[in-house]
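Let's take a walk through this structure together, one piece at a time. Have the sequence and the 3D view open as you read.

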Amino acid sequence: MPAATKAAQNGAAATDAALTQFTESVAAAFSETSTVAGDMNAALGSAVLPVPDVGTGPPPALLAALRSAIGDEGVVVDPSVTASYSRDMMPLAPSGSPVAVVFPTDTAQVAAVVRACASAGVPLVPRGAGSGLTGAANAVDGAVTVVLTKMNRILEIDEGNRLAVVQPGVVNLDFRTAVESRGLFYAPDPSSYDWCTIGGNLSTNAGGLCCVKYGVTTDAVLGLEVVLGSGEVLRTGRRTVKGVAGYDLTRLIVGSEGTLGIITEATLALRPKPAAPCTLVAAFATTEAACEAVSGAIRAGLVPSLLEIMDATCIRAVQAHTGSSILGDGEPPAAILIGQSDAGAAIGRREMELLERVCASAGAVFAYVTEDLAEGRMLLQARRAVLPSLQVLGTWLTDDVCVPRTAIAQLISACERIASDVGLTIGVVGHAGDGNMHPTIVYDASDPAQLTSARDAFGRILDAGRALGGTVTGEHGIGRVKQEFLRAEIGAIGMDVHRAIKRALDPAGLFNPGSMFSADQLQVSEIGPASTSAPTRTSTRPPSITSPAAPGSVPGNRSA
Ligand SMILES: Cc1cc2nc3c(=O)[nH]c(=O)nc-3n(C[C@H](O)[C@H](O)[C@H](O)COP(=O)(O)OP(=O)(O)OC[C@H]3O[C@@H](n4cnc5c(N)ncnc54)[C@H](O)[C@@H]3O)c2cc1C
C-alpha cells in the first residue's frame with residue numbers, strides 16, 4: 001500500500017488487500033456503468049416523454065418574431081424534438097409541452113426572445129443541461145423553453161485578478177479544467193459537474209462535495225449579466241475583491257431558479273489550485289458514532305475539503321453493484337465517512353491524522369489515511385457509485401435536506417423509520433461536513449402504490465429535516481416539487497417578500513411560471529390585501545396557456 005497509515009483498528013477485519021480489491025472493483029464497475037444521467041433519461045424517455053400534443057403550435061406572430069430574433073435554425077417546434085426538453089431529472093415533477101424550444105447564442109438574441117415572448121404574453125422557461133432535481137427546468141404548456149447550452153464560451157480568464165467571465169452554457173467541468181490549466185481553481189463542484197452548466201449552477205445556487213470548505217455557488221460569484229422581463233440587460237456586481245454598492249442584486253439572482261430573469265454572463269471568483277488531497281476513510285458500527293465523529297471534527301477546528309457519509313444501505317448497494325466489500329469480508333459497517341484535506345502535503349496529512357484520531361475516539365472500527373492519489377480517487381468513486389448502485393435496485397428519487405451537523409444521526413434514524421413505514425428502501429448518502437443529506441428512495445416506478453409511497457416518503461423526509469432545525473433544500477432548490485415546503489419554511493412574511501420581489505422584477509409573470517411558487521401562492525398575500533398590481537394576462541395568452549392550473553401549466557388568470 002503506498003504512503004499510508006492505518007489506525008484505530010478496534011477489531012475490524014479490514015485489510016489493505018480488501019481495500020485495494022474494492023477500489024479496483026469500483027473502477028471496473030464504473031467503466032461498465034453508463035452514466036446515471038444517461039440511464040435516467042432513457043427511463044424517463046420511455047416512461048414519460050410521449051410526443052406531446054401542442055395543438056396548433058406557437059402563435060404565428062410569435063414564431064415569426066422568434067425566427068427573426070435568432071434565425072430559423074435556433075427555433076425548434078417539432079414536438080418529437082421539443083419533447084426531449086420537457087423534463088429534468090426529478091421523476092415526481094409535473095411537466096408540460098413547450099410551443100417552441102429556442103437556442104440563442106448571445107445576449108442580444110436572449111433579449112430579443114424575451115421581448116418577443118413578452119409582447120405575445122407567452123412565458124419562458126430558462127434551461128441549462130436539464131440535470132436539475134426539482135423539475136425547475138421542466139417545460140410549461142404553451143411556454144417557450146430557452147436552452148442556453150449554445151452560449152458556452154469562456155470569455156476571459158484573468159489570472160492577475162483571479163476571476164473569469166463565462167457564458168451560462170459552459171459545462172462546469174469544462175470550466176474547472178480550463179482554469180486548472182492556468183493553476184487556478186473554481187470551487188463549486190456538483191456531482192453532476194461533467195454535464196451541468198454554470199447557468200444552471202448559478203440559478204440553483206448549486207453545492208457539491210467541497211462546500212464544507214469552499215461554500216456554495218454564490219460564494220464564487222462576483223457579478224452577473226441578466227436579461228429582465230422587459231428585454232433590458234441588467235449588470236450586477238463587480239470585478240473587484242470588495243464592493244458594497246447598493247443592494248446585493250447578484251445574490252438575489254443566484255438561486256432564483258430562472259424566475260427573475262435569464263443569466264447571460266457571469267463573473268466568477270477563482271482560487272489558487274489546491275494541493276493534492278490526502279484522504280481518510282473510517283468505518284463505524286453505528287451511525288451515531290459516525291455522526292459523533294463529524295461533530296468531533298468540527299469541535300476540533302478541522303475544515304476538511306470534503307467529508308462524506310454513506311449509510312449501511314448505500315454501502316451494501318455499492319458492494320453488491322461493484323462485487324466487492326469496501327472494508328473486508330463480513331457484515332458491512334453501519335456507516336463510513338470519507339474525508340479529504342487539500343491543505344498541502346504535511347498540513348493535509350496532519351489534518352487527516354487528526355480526523356483519524358477524532359474518528360477513533362468516536363468509536364470507529366477502522367480508520368485509514370492515504371496520500372496516494374489513485375487510492376483517494378477510488379475511495380471517492382465508492383461515494384459516487386451510490387446512485388448507480390441504488391439504480392440497480394429500482395428507480396431512485398433523491399431528496400435534499402440540510403440539517404445541523406449535530407442532527408445527522410437523527411435524520412438517518414428518521415429515514416430508517418420512514419423506510420420501514422412505507423415499505424421502501426431508503427439509502428442515506430450526503431455531505432456530512434455541511435449537514436446536507438441526500439436520502440435516496442428506491443421504488444418501482446411502474447407500481448402506482450410504490451409511486452405514492454415514494455412521494456409520501458419524500459415529503460416526510462423534508463418534514464423530519466425541518467423538525468430537526470434543518471431546511472428543505474441545501475442545494476437542489478424548490479422547483480416544481482417543494483413549493484408548499486418553501487411556504488412552510490419561510491412563513492407568511494417571507495412569502496410576501498418573495499412575492500414583492502417577483503412582482504418587482506417580473507411584473508408580467510413571464511419567467512418560469514409554476515416553479516418555486518405555485519400560481520396560487522404568487523397571487524394571494526397571506527398577511528394583507530393582495531397587490532392590485534398582480535398581472536392578469538388572459539387576453540394576451542394563446543388558448544393553450546390559459547387552461548386551468550394543471551400540473552406544470554402556467555398560472556391561470558386569478559383576480560388579485
Ligand atoms: C446525478 C446527479 C448528481 C447531482 N449532484 C448535485 C450536487 O452535488 N449538487 C447540486 O447542487 N446539484 C446536484 N445535482 C442537481 C443539478 O445538477 C444542479 O441543480 C445543476 O445546478 C443544474 O444545472 P443544469 O445546467 O442542468 O440546469 P437545469 O436543470 O437545466 O436548470 C436548473 C434551473 O436553473 C434555471 N436556469 C438554467 N440556466 C439558466 C440561466 N442561464 N438563466 C436563468 N435560469 C437558468 C432553470 O430554469 C432551472 O430553474 C445533481 C443532479 C444529478 C442528476
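Start with helix α16, residues 448-467: its 20 residues should span 28 Å at 1.5 Å a residue, and its end C-alpha atoms are 29 Å apart, so the two agree. (The expected span is 1.5 Å times one less than the number of residues; helices are DSSP runs of H or I with at least four residues, strands are runs of E with at least two, and both are numbered from the N terminus.) Before going further, note that this is a predicted model: local features need pLDDT of at least 70, side-chain atom pairs count only at pLDDT 80 or more, and totals for chains, interfaces and linings use all residues. Residues are numbered from 1 along each chain as its sequence is written.

Which residues of α16 are buried? They are Ser 453, Ala 454, Ala 457, Phe 458, Ile 461, Leu 462, Ala 464 and Gly 465. Buried means that 20 or more other C-beta atoms, placed from the backbone, lie within 10 Å of the residue's own; exposed means 12 or fewer, and partly exposed is in between. Among the elements covering those α16 residues are α15 (408-422), β19 (425-431) and α17 (483-505), where contact means C-beta atoms, placed from the backbone, within 7 Å. After α16 comes Gly 469, with a positive phi near 90 degrees.

Just after α10, Gly 301 takes a positive phi of about 85 degrees.

Now for a sheet. Four strands form an open sheet in the order β2-β3-β5-β4, with mixed pairing; strands pair if DSSP finds at least two bridges between them. The edges are β2 (75-76) and β4 (124-127), each pairing on one side only. β4 runs parallel to β5 (residues 144-147) over four bridges, and Arg 127 has Val 147 in β5 as its bridge partner.

Finally, the ligand. Of the 39 residues around it, Gly 128, Gly 132, Gly 199, Gly 200 and Gly 258 come nearest, counting a residue as near if its C-beta atom, placed from the backbone, lies within 6 Å. The largest share of this shell, five residues, comes from α7.

Terms used: Two residues are in contact if their C-beta atoms, placed from the backbone, lie within 7 Å.
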